[in-house]
Amino acid sequence: MPHLAEVTIDGIHEADGRIVIEARSGRDRVACPDCGTESARVHGRYHRRLADTALAGRSVVIRLLVRRLVCREAVCARVTFVEQIPGLTSPHSRYSPPLRAALTVIGVALAGRPGARLARKLGMPVGRDTLLGLLRAAPLPQPGTVTALGVDDFALRRGHVYGTVLLDMDTHRPVDVLPGRDADPLAVWLREHPGAEIICRDRAGAYAEGARAGAPDAIQVADRWHIWHNVGEAVDKTVTAHHACVRAAMTLEAGQATSPVPDAGPQPACDAEPAAEPEPAAPAAEPDGSLDVCGRERSLVVRTRERYTAVQQLLADGASLAEICRQLELDRTTVRRFARATSLDELLAKAVNRTSLLDGHTQHLTSRFAAGVTNAAVLHAELTALGFTGSVQTIRRWLHPLRAAAPAAPQPMRPAVPKPRHITRWIMTNPQHLAPDQHTQLTDVLASCPELQAVAGHVRDFADLMNKHRGDRLPDWMLRVQADNLPALHSLVTGLRRDLDAVTAGLTMTWSSGPVEGAVNRIKTIKRSMYGRAGFDLLRRRILLSA
């Protein structure tokens, strides 16, 4: 703020809905900005209009009378100069320092159009381009020496354009934002800013390479959440591969438990004409299995089988993945999934176990139908009260095979086979946090498949060493995993060995990438508020200035 002795207020009035303050300089002599010689010789006077912060929600304009003075120093290159009042004016500026600071904060928080709308509501009208200009002119904070650095990527355009955020793990503030997510920019930044002792990152190989090149003496720490996520992916692949044997074992066990006991009652006479036996009705098709409600094989299953056969045939003929994509007109991710599948059952396990709106309600429908309630509208009303969100037509389609088999004796209700994603979640969950029915189902599943029993044991051991920060036990755990016939977990162990030092540090030290993930969430909010219209430089400024 200017000193009161340097400004004289001549009057205050209202004009065009604004508060206008008439003022002039109160100093006698002013120093030349070049040579510093004081001068009182006036060359001329003119008025400057300065916008100031709002007063009671109304715009304020300062109409300041300033003087142009003549420099008395003969050798000075500046002949005349305009007096500036510290805290109130600056060369060529139309805003007072308080208003400029307020508009800069608004620009950092909301950028162009949203910031202009807010400033107008607050009595400080400004154009969106002006706000962006103030944002670009604001000085960026200097990172200084960062001893603990967090690194993670974020999507500018998912699947196409990415960026990298660098975080000071001690202050949890972003120190820089780099374009792309490659190793070279990170290595260059680390060389230009030496001093990093800890580098927290995910399992990305590019960041590991960049950290080794830019800061070879720093300790790399792989994030525990990403390591646990890698374990979950390996478990999911194993469960999917063995779900067929789980389904077969549980179906056989249910069939043996419900087999009828032979009747030892009186037998008919030898010459008596045997009574005609009713033809057994076809069992109802499971709506969420490989068959549809009419008993036909689902189109998804047929398509999966055809694609798997075509991809495997082209691979056998020596075709590349790109060539297969062109011939079959499929996405590269789809072709890669069909090419890496070890068998057709691995793909069908996910294809026939998709989520249905009736999941969790089929047992109620079966029991009510057996009790004689066959009206779809009545059953729909009952399920709606239980939380069902589907239509009555969904229930009609489900009842169609049951109504076709109505003359036959009611079939015994078979227990539902858990889906692969449910089994994976139960294995990855602490047994103390499982509901009693989930614990019972998991016990039955593990009893039906020795491989899944071994996987569950390895997961429990890994969770124990991770929770107790015993990364030194990781080599022994990997040896025990390799002793079992678990290909998916073998691939996991191979990946852990390539990044063994960082994984061991992540399972031993208390550092994690949690603060970096929080910074990425804030970046997503900033990015979405810009509607995708701004460039990388403006996004980088908002990230660094809003921290």
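Me: Two strands count as paired if DSSP finds at least two bridges between them. What makes β8 and β9 a pair, and in which sense do they run?

Reply: The model is a predicted one in which local features need pLDDT of at least 70 and side-chain atom pairs count only at pLDDT 80 or more, whereas totals for chains, interfaces and linings use all residues. Residues are numbered from 1 along each chain as its sequence is written, and side-chain values use heavy atoms, with hydrogens and water left out. Strands β8 and β9 run antiparallel and are joined by 8 bridges, which meets the requirement of at least two, so they are called a pair. Within this pairing, glycine 150 stands opposite leucine 167 in β9. The hairpin that the two strands form has 3 residues between them, and glycine 159 takes a positive phi near 85° in this hairpin.

Me: How do you know that β8 also pairs with β11, and in which sense?

Reply: There are 3 bridges between β8 and β11, in the parallel sense, and the criterion asks for at least two, so this too is a pair. Leucine 149 stands opposite isoleucine 199 in β11.

Me: Why is β8 described as largely enclosed by the rest of the structure?

Reply: A residue is buried under 20% relative accessible area, exposed over 50% and partly exposed in between, with a 1.4 Å probe and protein chains only. Of the 10 residues of β8 (residues 148–157), 8 are buried, so the strand is largely enclosed by the rest of the structure. Across the protein chain as a whole, buried residues make up 39% of the 547 residues.

Me: What makes the crossover from β11 to β12 right-handed?

Reply: Strands β11 (residues 198–201) and β12 (residues 219–222) pair in the parallel sense over 4 bridges, and the bridge partner of cysteine 200 is valine 221 in β12. The chain passes from β11 through helix α5 (residues 205–214) to β12, and this β-α-β crossover is right-handed. The term applies if, with the strands pointing away from the viewer, the path from the first strand over the helix to the second runs clockwise. These elements belong to a chain with 21 helices and 12 strands, a helix being a DSSP run of H or I with at least four residues and a strand a run of E with at least two, both numbered from the N terminus.

Me: Why is asparagine 230 called buried, while glutamate 329 is called exposed?

Reply: Asparagine 230, in helix α6 (residues 224–257), has a relative accessible area of 17% and therefore falls on the buried side of the cut-off. Residues up to four places away in sequence aside, asparagine 230 touches Arg203 and Leu492, a contact meaning heavy atoms within 4.5 Å. Glutamate 329 lies in the loop between α8 (321–328) and α9, and its relative accessible area of 71% is over the limit for exposed, so the word applies.

Me: Which helix gives the most to the lining of the second largest pocket?

Reply: On a 1 Å grid over the protein atoms alone, a pocket is an open set of points where a 1.4 Å probe fits, with protein on both sides within 12 Å along at least five of seven lines, and lining residues have an atom within 4 Å of a point. By that rule 37 residues line the second largest pocket, and Glu233, Lys237, Arg340, Ala488 and Ser491 lie nearest its centre. Helix α6 gives the most, with 11 residues, and the elements giving two or more residues also include α9 (332–340) and α18 (487–498).
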